[in-house]
Amino acid sequence: MAITAADVKNLREMTGAGMMDCKKALTETNGDFDAAVEFLRKKGLATAEKKAGRIAAEGIVSTVISADDKTATIIEVNSETDFVAKNEVFQTYVSGLAEQINANDYADVPAFLAATSAIDSSATVEEHHKAMVAKIGENLTIRRFQKITGDVVVSYIHMGGKIGVLVEAECNAPSDAIKEAMKNIAMQIAAMNPSYVKREEISAAELNKEREIIVDSSLADPASLPKPLLNAVIAEAIQNKVASYEGDDNKGWTEEDIAIYEEKKSNMNYLFNFLSDQAVQVLRNLAATHKAEYLENKIFAGLVEGRFSKHLKEICLVDQTYVKAEDKESVKQYVEKVAKDNGCSFSIKKFVRFETGEGLEKKNEDFAAEVAAQMNK
């Protein structure tokens, strides 16, 4: 598959990795973006992984909840500019779409577009949407929606519609106190962006994949290797001395980097500030060849498990530190405390988090340009 400059640019924006690294990742994975991201993570090059869904398009996320607080809908509708996203007509239109979805059942966006519009019964949702595009004078896209139902649901909108969250809980006695706690948790989700409610939701295959990524990324970060292992790969790099660096498969250092090491080895904390990029890559190459051996090393295995445990705490909601807690309690402990204080069973079952424009490319326009564009239309 031919790799285009646009492909490289998109992967770079998704991961923060360098141009050449992105090109190599796409080449190695035959243009598969998900595989390319994983490739870069394993190499320790995806420096902005948490920004993989880069905020790009404009628009808003809107939510609606039924009168009995048991059913809720979240929807994202994109616009070309932030100017339109702040328009009251546009916001009212999006709220109306959310209301219709919440009152009915649609399998997906195409099914919703084909339905009769609740706003204009003489047209389908798609036909009415085209009329709104003509009225507002800017392309609009109904991108996605999700509907949830449970014992009790709450919603939270952050930054005027940039981020929206729904939270569903199991509770035998929903009350205002329970809903307030759920709202606090929704704010946590908006801020901390977890991927799962709890670890049990993660499949064994996904856990193995994440552990493998952490192993490979640890090998790709020689500065963080346990000192005995780092000293061993440095000794190997010196022993395999080369005249010059060629390609990515070198397993030896040049005289220049050996000299730098000899000068700086008394303070290893600063060594990597002086070694050339090629010398660091040599250490990565060597560490990768010892992967099976290192996995048997208790110190390295402990390092990997520590990083793996930290990663799980970041992506699992109930394991995260509750941001409003003064004593660093976890979200799980906070939920248990709320249940005890209110004498009921209470647990978080599901959440949905939409962030406007995730994964879409944003046009580079300033506010003045947006106003000018609207005036021209």
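**Note on the predicted model**

1. The chain has a mean pLDDT of 89, and 91% of its residues reach 70 or more, where pLDDT is the predictor's confidence in each residue, from 0 to 100. As this is a predicted model, local features need pLDDT of at least 70 and side-chain atom pairs count only at pLDDT 80 or more, while totals for chains, interfaces and linings use all residues. Residues are numbered from 1 along each chain as its sequence is written, and side-chain values use heavy atoms, with hydrogens and water left out.

2. Over residues 47–56 the pLDDT stays under 50, and for this stretch the model has 29 contacts beyond four places in sequence, a contact being heavy atoms within 4.5 Å.

3. The largest nonpolar core has 30 residues, and those with the most contacts inside it include Val233, Trp253, Leu283 and Phe300. Such a core is a set of buried Ala, Val, Leu, Ile, Met, Phe, Trp, Tyr and Cys residues joined through side-chain atoms within 4.5 Å, with buried meaning under 20% relative accessible area (1.4 Å probe, protein chains only). Among the helices that each supply at least two residues of this core are H9 (204–219), H10 (227–239) and H12 (277–289), helices being DSSP runs (H or I, at least four residues) numbered from the N terminus; H12 gives the largest share, six residues.

4. Beyond its neighbours within four places in sequence, Val233 is in contact with Leu225, Leu283, Leu286, Ala287, His290 and Tyr294. Apart from this core lies another, of 29 residues, among them Val152, Val154, Ile189 and Ala325.

5. Gln188 lies in helix H8 (residues 176–192) and is buried, with a relative accessible area of 1%. Not counting residues up to four places away in sequence, Gln188 touches Asn193, Leu317, Gln320, Thr321, Tyr322, Val323 and Val331.

Conventions
Buried means under 20% relative accessible area, exposed over 50%, partly exposed in between (1.4 Å probe, protein chains only).
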